[in-house]
Amino acid sequence: MTTVTFRRTADAASAARVDASTAARAGQREPLRYLAPNWFAVVMGTGIIGNAAATLPLQFPGLRAAGTVVWALAALLLTVLAGAWVLHWRRYPEEARGHGLHPIMMQFYGALPMALLTVGAGTLMLGKDVIGLTAAVTVDWVLWSAGTVFGLMTAAAIPYRMITRHTFDPDSAFGGWLMPVVPPMVSAALGALLVPHTPAGQLRLTMFVACLAMFGLSLIASLVTITLIWSRLLHHGLLPAGMVATVWLVLGPLGQSVTAAGSLANVAPSVVDERTAAGLDVFAVLYGVPTWGFAMLWLALAIAVTRHARTSMPFNLTWWGFTFPLGCCVTGSTALYQHTGADLLAVAAVGLYALLVAVWAVVAAKTVHGVLRGDLLRPVR
């Protein structure tokens with residue numbers, strides 16, 4: 001069983017008091033009191049449906065229109081959740097601070113920047129048909145900038161808190177540990193869309209280099225973390241039933257890094273010299289194909305593990321971990337298809353997208369049902 005041992009610090013004691021206070025008031029049914037950062041995973045999982053549709057190799061009639069509707073839904077969800085989250089901090093500051101002290105919930109602070117980045121990219125790819133290109137670029141710049149700053153903060157602050165304020169047992173690693181360090185990879189992949197809209201010269205070069213640096217930052221941190229997760233699974237077996245869905249989160253940095261490599265290679269000719277641009281194009285394939293292969297292995301393992309534990313898995317918000325990471329595999333497959341022309345990758349992208357839509361429909365329906373019943377609006381334990 002996954003366990004966490006707190007170091008005896010003032011913050012740990014404060015977290016314990018917050019948990020006790022929250023539990024004591026559980027019967028008051030104040031939904032806003034229990035709003036946690038993991039709710040932004042709903043925006044991520046919804047937004048990736050539209051974003052993946054925009055570049056899917058098979059573009060059939062109505063796909064772009066459907067993707068635009070999903071983008072609008074994701075934007076609405078982001079607006080509502082952001083407003084509720086600000087109100088939550090104002091009304092219930094102790095509970096809000098408690099999330100940052102909780103060894104599991106604090107990992108999901110990474111969901112907020114990725115929600116901002118996902119909706120921003122969708123605005124540029126799909127929303128421009130509704131609000132115009134100029135407005136779409138402006139919105140994307142704002143959301144990308146905010147998401148990038150927040151994502152860099154989580155990538156540094158959450159591991160720092162893990163190192164200095166908590167003691168984790170050998171079986172503590174789980175997919176959620178990736179959430180704080182993946183946002184810079186999303187910034188790298190989606191920042192590539194803004195490179196052509198950056199003034200030529202040093203500003204554009206700075207934007208491009210920053211995206212490459214964030215690619216490396218997130219990639220290395222993710223690979224270290226994935227190794228810990230693999231080791232945990234092999235040495236200690238399955239995660240508790242309520243956390244099995246987080247196994248899918250490993251697909252996020254794998255698929256998104258392939259997407260980032262391809263996207264940055266696409267815009268490289270407008271930024272760097274011909275030789276460097278050609279090298280990045282080669283790197284997109286030489287890095288992307290092997291990484292995509294490992295992602296497919298992990299996908300097979302994730303499906304098998306989920307099937308094995310399906311009868312004991314209670315529904316909770318970790319189920320949204322089925323969606324965004326799978327969407328990253330779709331966009332990664334599409335990026336590789338663009339650089340290789342291999343029909344295998346086009347077929348994989350379409351097949352994975354069909355699976356993504358089916359999974360999203362199930363998880364979204366269960367989420368709505370859980371909200372109506374109040375099951376998802378309870379205190380964090």
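This is a short tour of a predicted model, stop by stop, with something to select at each one. Residues are numbered from 1 along each chain as its sequence is written, and side-chain values use heavy atoms, with hydrogens and water left out. Because the model is predicted, local features need pLDDT of at least 70 and side-chain atom pairs count only at pLDDT 80 or more, while totals for chains, interfaces and linings use all residues.

**Stop 1: α6 and α8**

Start by selecting residues 133-165, helix α6, and residues 202-236, helix α8. Helices here are DSSP runs (H or I, at least four residues; strands are E, at least two), numbered from the N terminus. The axes of α6 and α8 come within 13 Å and cross at roughly 35°. Axes are lines fitted to C-alpha atoms, for helices over the stretch in contact, and angles run from 0 to 180 degrees between N-to-C directions. The crossing of α6 and α8 is left-handed, a term for a near helix turned anticlockwise from the far one by less than a right angle (clockwise would be right-handed).

Now show the side chains in contact (heavy atoms within 4.5 Å). From α6 these are Trp 141, Trp 144, Thr 148, Leu 152 and Ala 155, and from α8 they are Met 207, Cys 211, Met 214 and Leu 217. By class, eight are nonpolar, one is polar and none is charged. Ala, Val, Leu, Ile, Met, Phe, Trp, Tyr, Cys and Pro count as nonpolar, Asp, Glu, Lys and Arg as charged, and the others, Gly among them, as polar.

Follow α8 along its 35 residues: from first C-alpha to last it reaches 50 Å, close to the 51 Å expected at 1.5 Å a residue (1.5 Å times one less than the number of residues). Just after α8, pick Gly 237, which takes a positive phi of about 80°.

**Stop 2: α7**

Select residues 183-191 next. How many residues of helix α7 are buried? Nine of the nine are, so α7 is largely enclosed by the rest of the structure. Buried means under 20% relative accessible area, exposed over 50%, and partly exposed in between (1.4 Å probe, protein chains only). To see what covers α7, display α5 (111-131), α6, α8, α9 (251-267) and α11, which are included in its cover.

**Stop 3: α10 and α11**

Select residues 274-309 for α10 and 324-340 for α11. These helices pack at an angle of about 145°, with their axes 10 Å apart, and their crossing is left-handed. Among the contact residues are Trp 292 and Met 296 of α10 and Cys 329 and His 339 of α11. The contact has ten nonpolar, four polar and one charged residues.

A disulfide here is a pair of cysteine sulfur atoms within 2.5 Å, and a search of the whole structure finds zero of them. Cys 328 is buried at 0% relative accessibility, and Cys 329 is buried at 2%.

**Stop 4**

Beyond its neighbours within four places in sequence, Trp 319 is in contact with Ala 245, Met 313, Pro 314, Val 363 and Lys 366.

Finish with Ser 312, in the loop between α10 and α11. Ser 312 counts as partly exposed at 43% relative accessibility.
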